[in-house]
Amino acid sequence: MFRDMRTIVWKELKEILGQRGLFKGGKAGLFILLACFGIIIPLQSGPQWVSSPLVMIYWAWVPFLLVSGIVTDSFAGERERHTLETLLASRLSDRAILAGKIGAAVLYGWGLTLGCVLIGAVAMTAVHGKGRILFYAWPVALGILVWTFLVALIASGLGVVVSLRAATVRQAAQTFSVAFLILFVPLFLLPMLPASLKAKLMGLLARADFTAAALVVTGLLLAAGVVFLLIADVRFRRNRLILD
Amino acid sequence: MSEIAIRTDKLGRDFKTVTAVDDLTLEVPAGAVFGFLGPNGAGKTTTIRLLLGLLEPTRGRAEVLGRDVGTNAGEVRALSGALLEHSGLYERLSAEDNLEYYGRIWRLPAADRKARIRRLLEHFGLWDRRLELTGAWSRGMKQKLAVARALLHRPRLVFLDEPTAGLDPVAAASLRDDLSSLAAREGATVFLTTHNLDEAERLCSRVAIIRSGRLLADGPVEDLKRGLAAPAVDVRGRGFSPLLLERVGALPGVARVETADGRLSVFWEAAPDTPRLLRALVDGGAEVEEVAVRKPTFEAAFLKLIKDETKEEASCSAI
């Protein structure tokens, strides 16, 4: 299955990145993203960028944004461009197709994010290094590595689930946006909590041990990722995809 | 290898209240170019989807290359190639990359894959344009590339769903020639759907005709022509009186007689007996100017079959 998955990833990335022309293939957009996430924002934050654990939260957002731009195309795009049925008529198993589509989105989002992370460190070293190499503290680097992967996995899983049954890429993108908002409803509700409860929560956060909190968040992200993968696996049915 | 490439037994598929395929029982011999014909909406594409395991049947079963589609659809797909309703090409990829992708999917070894891609692209006259994105190509070129993709992994069975639909006559003829020579060279069974009767007659050794999901007839084209379309003799002249027409109609082997615009058409149940007909006409006082024997055409056979079926349906609904 891994070989089949690799084949799909090869084609997906070739389609996304391999188009000719600076603007056609989104290459200009890619440069802007790398410059924005990897250089401008880190430099605005100053040298503490590579030492603060809060940077993990920043980087965790980036793969979500990157993946959301491409993942809704995974099945809805194939359906819209009439390539899905031919793919389904091939020897590939259901799981290989699904894993390939999710894998491509994860690799794209995670890979680009890690590229931005490295560019950020290089930019920091160049501007604030004073002859020293500035890099993230190892627990932070590990946290970035794991969180960005898990967030890319969540976004890819959610995007593929939405894309599986959408008739068009536009419909998939709209549904993905709504699902994204629903995921963050708890955050929007926070300001509405009673002041005493909010104070208690803030106190809890302030006293929390960084490692324990990071592990809890990692566990939650992992659980969410697994849930979306399972949903995608359940929803992927060849004959339903043809009828849709 | 099984002698029968495809065998269906009362295969059926309903979509809510519509029956797309209705108790289809069919056998396709291995190595044949088999034409699956019918008007639009007859159930041809649904049948291909059922045979490839892309749709589950509502009833009945199908066996493809000796495998039960219900339980071994993956194996059936692994042994088959398909050009479905749409060409299914990735328009943001080059022609070579489209074939490279499917070559990898079918796990052709790298060296064989490259050689095979080159051979097919050269055969279809597309080698020089292999690096172009297919999105800018004409429909004819896309169809050729899609046929190349369907044959890339040397499948034992190829499904071609209306491969020449929408092509101009020149492109269609060229693709037909390619299909014909490739099928012979590759030795695969070809399951071809089309509503182009001329194409079916030229390419197919056997055909099946369906309408509203029901099988109306199947067999070699020549047999269907003989069995369904009567040969006719057209006579141009004068003096075809009602009495004479009655006498001609009573001749042995004559199925029916029609007159229009000074032309007498005599339809025969089997081979026409032209000398006897002419004798009867001359003896009956007619003046014969021109005689032409009309051979049965596949189109006439097909239309008769569809017309008879329509009549039967109408009488059933009247009851």
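Chain B holds eleven helices and 14 strands. Keep in mind that what you're looking at is a predicted model. Here's a quick tour, starting with chain B as a whole and then zooming in on a few spots in both chains.

**Chain B at a glance**
- The C-alpha trace of chain B spans about 80 × 45 × 35 Å along its principal axes.
- Of the 319 residues in chain B, 49% are buried.
- Take the contacts in chain B between residues at least 6 apart in sequence: 70% of them link residues at least 24 apart.

- Look for Asp198(B) in helix H7 of chain B, which covers residues 197-203.
- Thr297(B) sits 99 residues away from Asp198(B) along the chain, yet their C-alpha atoms are separated by 9.5 Å.

**Two helices packing in chain A**
- Helix H6 (residues 94-128) and helix H7 (residues 138-165) of chain A pack with their axes 8 Å apart, at an angle of about 140°.
- The crossing of H6(A) past H7(A) is right-handed.
- On the H6(A) side, the residues making the contact include Leu98(A), Ile102(A), Val106(A), Trp110(A) and Leu114(A).
- H7(A) brings its own set, among them Ile144(A), Leu145(A), Phe149(A), Leu153(A) and Val160(A).
- Sorted by class, this contact has 13 nonpolar residues, three polar ones and no charged ones.

**Helix H3 of chain A**
- H3(A) runs over residues 55-68, which makes 14 residues.
- From its first C-alpha to its last, H3(A) reaches 21 Å, close to the 20 Å expected at 1.5 Å a residue.
- Ten of those 14 residues are buried, so H3(A) is largely enclosed by the rest of the structure.
- The buried residues of H3(A) include Trp59(A), Phe64(A), Tyr58(A), Met56(A) and Pro63(A).

**Asp73(A) and its neighbours**
- Asp73(A) belongs to helix H4 of chain A, residues 73-80.
- Its side chain makes a polar contact with the side chain of Arg81(A), at 2.8 Å.
- Leaving out residues up to four places away in sequence, Asp73(A) touches Glu78(A), Arg81(A), Ser163(A) and Val169(A), along with Arg92(B) from the other lettered chain, B.

Technical notes. Residues numbered from 1 in each chain as written. Chains lettered and ligands numbered in written order. Heavy atoms only, no water. Axes fitted to C-alpha atoms, helices over the stretch in contact; angles between N-to-C directions. Helix = DSSP H or I, 4+ residues; strand = E, 2+ residues; numbered from the N terminus. Left-handed = near helix turned anticlockwise from the far one by under 90°. Contact = heavy atoms within 4.5 Å. Nonpolar A, V, L, I, M, F, W, Y, C, P; charged D, E, K, R; others polar. Polar contact = N/O pair within 3.5 Å; in protein donor to acceptor, adjacent residues only side chain to side chain. Expected span 1.5 Å × (residues − 1). Buried < 20%, exposed > 50% of the residue type's maximum accessible area, 1.4 Å probe, protein only.
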